[in-house]
Amino acid sequence: MAFDHIPITAIDLFCGAGGLSRGLEDCGIHVQLGIEMNPTAAATYQHNLPGIVLIDDIRNITAEMIMQQLYIQSGNLFLLAGCPPCQTFSSLQRDHTEDDDRNFLIFEYIRLVHEIRPLFILLENVPGLKRGRGKVLFERATAQLEQWYQTESAILNCADYGIPQTRKRLVLHGIRRDAFQLLKNTDAGFMVSLPMPTHTEHPDTDLQLQPWVPSARAFAGLPAVAAGSPAPEGYPNHETNNLSDTNIQRIRYIRNHGGSRECLPTGLQLTCHKKKNVVYSGVYGIIDDTQPAPTMTGGCINFTKGRYGHPTQDRAITVREAARLQSFRDDFIFTGTRGQTALQVGNAVPPLLAKASGQYFLHILHLLHQIPG
């Protein structure tokens, strides 16, 4: 079979702290190389994962450099994955500019896909790249990919994959056209698809799927820590930000009166929140531990930045708790300051979501191996 010679290895572009790589490694795909320009995130990657990390701007990286580094030839890579930074298309980004350089990094990913020609491609990004301000850019990018790959993309809810968080992410899968055509010749109904959900919000209507994982699962077993406390011994990344006395009063009141800042009495309301049509209604909120948590962002350890109040303790969540909500195991250690590690967690692909994609590609490889000749 023509694909038997391809080792089950991958490259992770824009790898960050390594959430995508961690998920791929966990399903048996060895990520040989990560590329990341942020040295602190790269240090976390190097601390936790076996692959090499190139610390550089992707625009300085050529396919020839990568293939020489890994001793591979074009067409001989199993998977090229990437999460090009597109924060300007995020629903949380208010200051959007059309000429932001980050808007066009997706084409650096496409450039390397075209030159390396992996068997499979995986792209993960913010939903706004497909359905919001980035739609035109995404259509242009996918049109280029479709020259060489059969693709499928959709916006997925991480909670549907056993992650205790209702994070929405755009995921694209692609199969190189020579492989796709073989599969199509064998099964005329074959189509590229995305990973099948394993969990659901309404298990009573689909008995084959498990219920969503509540955020309480992520908090279980961690020692209690007060606001402003260092991490307890044996629990890295479990230190906390300090809180003012007023914010402690707010968090207690909100916990007992509905979970959001809208229940605060006049004396505890911020002046800016008393105005009409104020956005960011989720700030100063408490996580409902009976449900998956809201999206973890770079500000996830700040009570003032979102619904990040701990469900039972008078503080915001810690980086370790945020990492658990992203489906990182406790043996994955984040390096840097609290702010830097929170940003790494907020920017990461949840490992369980990446693992689901990796398992899909391994399944397709198995189908290719079953084709005679």
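Two strands pair if DSSP finds at least two bridges between them. I also note that helices (H or I, at least four residues) and strands (E, at least two) are DSSP runs, numbered from the N terminus.

**Entry 1: basis.** I am working with a predicted model, in which local features need pLDDT of at least 70, side-chain atom pairs count only at pLDDT 80 or more, and totals for chains, interfaces and linings use all residues. Residues are numbered from 1 along each chain as its sequence is written, and side-chain values use heavy atoms, with hydrogens and water left out.

**Entry 2: the sheet.** I looked up the pairing of strand 5 (residues 120-125) and found that it runs antiparallel to strand 7 (residues 168-176), over six bridges. Within this pair, I found Ile121 bridged to Gly174 of strand 7. I then traced the whole sheet: it is open, has seven strands in the order 3-2-1-4-5-7-6, and shows mixed pairing. Strand 3 (52-54) and strand 6 (149-157) are the edge strands, each pairing on one side only. I recorded an average twist of 15° from one strand to the next; axes are lines fitted to C-alpha atoms, for helices over the stretch in contact, and angles run from 0 to 180 degrees between N-to-C directions.

I next turned to helix 6 (residues 135-145), which packs on the sheet and touches strand 5, strand 6 and strand 7. Contact here means heavy atoms within 4.5 Å. The direction of helix 6 makes about 20° with that of strand 7.

**Entry 3: Thr240.** I located Thr240 in the loop between helix 8 (216-219) and helix 9 (245-256). Its relative accessible area is 1%, so I list Thr240 as buried (under 20% relative accessible area, with exposed over 50% and partly exposed in between; 1.4 Å probe, protein chains only). A polar atom of the Thr240 side chain lies 2.7 Å from the backbone oxygen of Ala226. I also found a polar atom of that side chain 2.9 Å from the backbone nitrogen of Gly228. Leaving aside residues up to four places away in sequence, Thr240 touches several residues, including Val225, Ser229, Arg315 and Arg338.

**Entry 4: cysteines.** I searched for disulfides, taken as pairs of cysteine sulfur atoms within 2.5 Å, and the count came to zero.

Technical notes
A polar contact is a pair of N or O atoms within 3.5 Å; within protein, one must be able to donate a hydrogen and the other to accept it, and residues adjacent in sequence count only if both atoms are side-chain atoms.
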